[in-house]
Amino acid sequence: MIDPRRTRILNSCSDKPGAVIYWMSRDQRLNHNWALLFAREKATQKGQPLVVVFTLAPSFLNAPFRHYDFMLKGLEETAKALERINIPFMLLEGEPDKEISRYACQSEAGAVVTDFSPLNISRNWKKKAADILDIPLYEVDAHNIVPCWYVSDKQEYAARTLRPKLQARLDEFLVPYPPLLPGPVQAPHLHHRSPDWKQVRERLQKDRSVPPVNRIVPGETAAAESLENFIKGRLSGYATARNDPNGNALSQLSPYLHFGQISAQHVALRVAESHAPQEDKAAFLEELIIRRELSDNFCNYNPDYDRFEGIPAWAKQTLLLHGQDKREYLYTIDVFEKAATHDELWNAAQSELVQTGKIHGYMRMYWAKKILEWSSSPPEAFEVAIYLNDRYALDGRDPNGYAGVAWSIGGLHDRPWFERPVYGNIRYMNASGCRRKFDVDRYISRFREPVTLFPNA
Ligand SMILES: Cc1cc2nc3c(=O)[nH]c(=O)nc-3n(C[C@H](O)[C@H](O)[C@H](O)COP(=O)(O)OP(=O)(O)OC[C@H]3O[C@@H](n4cnc5c(N)ncnc54)[C@H](O)[C@@H]3O)c2cc1C
């Protein structure tokens, strides 16, 4: 039985006879998915069919084609794998709350199960759907190892306050997954039609100005291969090599984790049972579990997670106090986007983002802090950093991104440092610090190509 602490109900309706719908959203996978397992369990208990439904929103936080392409290719693979085990998959296009409610009514479903996201847009969809539906809407946290609402009931100050709470619960929650059994009952009445994926992609009138990246193959199979390659080849040495942007020490799993094409819990279990040195496993699990789940905690309890207003009071105060300080350089969003600042190192990071859909984790901090230093105000810097990260990063639009920007620009989960112009007490970073850590010239030479922005064709 799925741990009941992992699930909650979002309205006050009771189960009815009829199919169980898994409204797949953040966790776009067949394997290792607590929400799908819970829906499957419910369908068996009720002796009813199970159907998986994905609602494709006309717009998701201005995601460009790069992101839709990655997501749709991953969904196509998952849909085909589900159908092979007798679980039909439906793709509905339109406003998610309306589409799911309409489909539940039309198919006379008995319960809807969905996965958890702390982002405002998803919460609003679920709230509206919960109000419209006359059957229960269950929510299952299939993204965090310890359910976000269970581990803490408030916004945590820092990793040091969340860490002991998570560690105290890992024995109970970091457990192997049961197998997913084939669909329980045939469901001829569910108006099921396999999506025409090519047509869906062609029909998408999305912003095509940010093309897909070839570096990373979407989907569950590629995600699983990436994990195994990382464990075999790069996990040993992760603790020391991860801060070198020229090295290849990182897992590169963040796009897969973001789109739910791989389960963090599965990653944690595979890493924990590997033969890599303890210090490397510990360093990786600190990022994957503590830092990642801290980001969900931040977004879950702070609705202003993507705005200057959401940063801690001390940080707001110090930044506003230094709001009028003279900036040595001042850039608009266009200059940042084209990687055309005076600083070759910053431009290289921005080029890495545009070209590869990701910036190395160490350079991400430098990149965001310099946007603070060279923008006319801290709220503007916040907006620019989130705009660029969400537009180009394949792992963007994620609690990790919102927490990362709020950490770099707004002192979130950090402490006050020595006071200095523009930054106030926010932790500072500069290029000479980077030079002491890694071969800056080599990094610049890797991403020296000018940034080409594509017209919205
Ligand atoms: C300004 C800024 C913006 C960021 N934007 C994003 C973003 O949009 N999406 C995103 O997933 N991460 C973001 N991060 C966090 C971090 O940089 C990335 O998670 C990491 O670089 C992803 O690469 P990886 O999977 O190869 O990392 P690895 O080092 O292999 O880490 C494995 C996983 O651990 C988690 N993780 C690692 N570092 C962090 C961190 N600092 N905070 C939270 N979780 C972490 C991620 O899920 C990551 O995939 C941002 C950080 C900063 C400072």
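Trainee: What classes of residue make up the lining of the largest cavity?

Mentor: In this predicted model, the lining has 14 nonpolar, 7 polar and 3 charged residues. The class follows from residue type alone: Met and Phe count as nonpolar, Asp and Lys as charged, and Gly as polar.

Trainee: Why is this space called a cavity?

Mentor: A 1.4 Å probe fits inside but cannot get out, so the space is counted as a cavity and not as a pocket, which is an open set of points. The search of the whole structure finds 4 cavities of 30 Å³ or more, and the largest has a volume of about 400 Å³. Of the 24 residues that line the largest one, those closest to its centre are Ser25, Gln28, Phe60, Met71 and Phe259. Strands E2 and E3 and helices H2 (65-84) and H4 each give two or more residues to that lining.

Trainee: How do you know where the largest cavity lies relative to the domains?

Mentor: Domain 1 (1-143) and domain 3 (308-446) both contribute to its lining, so the cavity lies between them. The assignment also gives domain 2, made of 144-177 + 217-302. The centres of domain 1 and domain 3, taken over C-alpha atoms, are separated by 36 Å.

Trainee: What makes domain 1 and domain 3 count as being in contact?

Mentor: Contact requires heavy atoms within 4.5 Å. By that test, 11 residues of domain 1 touch 12 residues of domain 3.

Trainee: What supplies the lining of the second largest cavity?

Mentor: Helices H5 (148-151), H6 (159-173) and H12 (278-301) supply at least two residues each, and H12 gives the most, with 3 residues. The volume here is about 40 Å³. Among the lining residues are Asn144, Cys148, Leu162 and Glu293. By class, the lining divides into 5 nonpolar, 2 polar and 2 charged residues.

Trainee: Why are E1 and E4 described as standing at the edges?

Mentor: The sheet is open, with 6 strands in the order E1-E6-E5-E2-E3-E4 and mixed pairing. Strands E1 (7-9) and E4 (89-93) each have a single partner strand, so one side of each is left without a neighbour in the sheet. From one strand to the next, the twist averages 25°.

Trainee: How do you know that E2 and E3 pair, and in which sense?

Mentor: Pairing needs at least two bridges between the strands. E2 (residues 20-24) and E3 (residues 50-56) have 5 bridges in the parallel sense, so they qualify as a pair. For Met24, the bridge partner in E3 is Phe54.

Trainee: Which strands do H1 and H4 lie across?

Mentor: H1 (residues 34-46) lies across E1, E2, E3, E5 (111-115) and E6 (137-140), and runs at about 170° to E2. H4 (residues 120-132) lies across E2, E5 and E6, at about 150° to E6.

Notes:
Residues numbered from 1 in each chain as written. Predicted model: local features only at pLDDT ≥ 70, side-chain atom pairs only at ≥ 80, totals over all residues. Heavy atoms only, no water. Helix = DSSP H or I, 4+ residues; strand = E, 2+ residues; numbered from the N terminus. Axes fitted to C-alpha atoms, helices over the stretch in contact; angles between N-to-C directions. 1 Å grid on protein atoms, 1.4 Å probe; cavity = no way out; pocket = protein on both sides within 12 Å on 5 of 7 lines; lining within 4 Å. Points joined across faces, edges and corners; volume = space filled by probe spheres on them. Domains from an automatic or database assignment.
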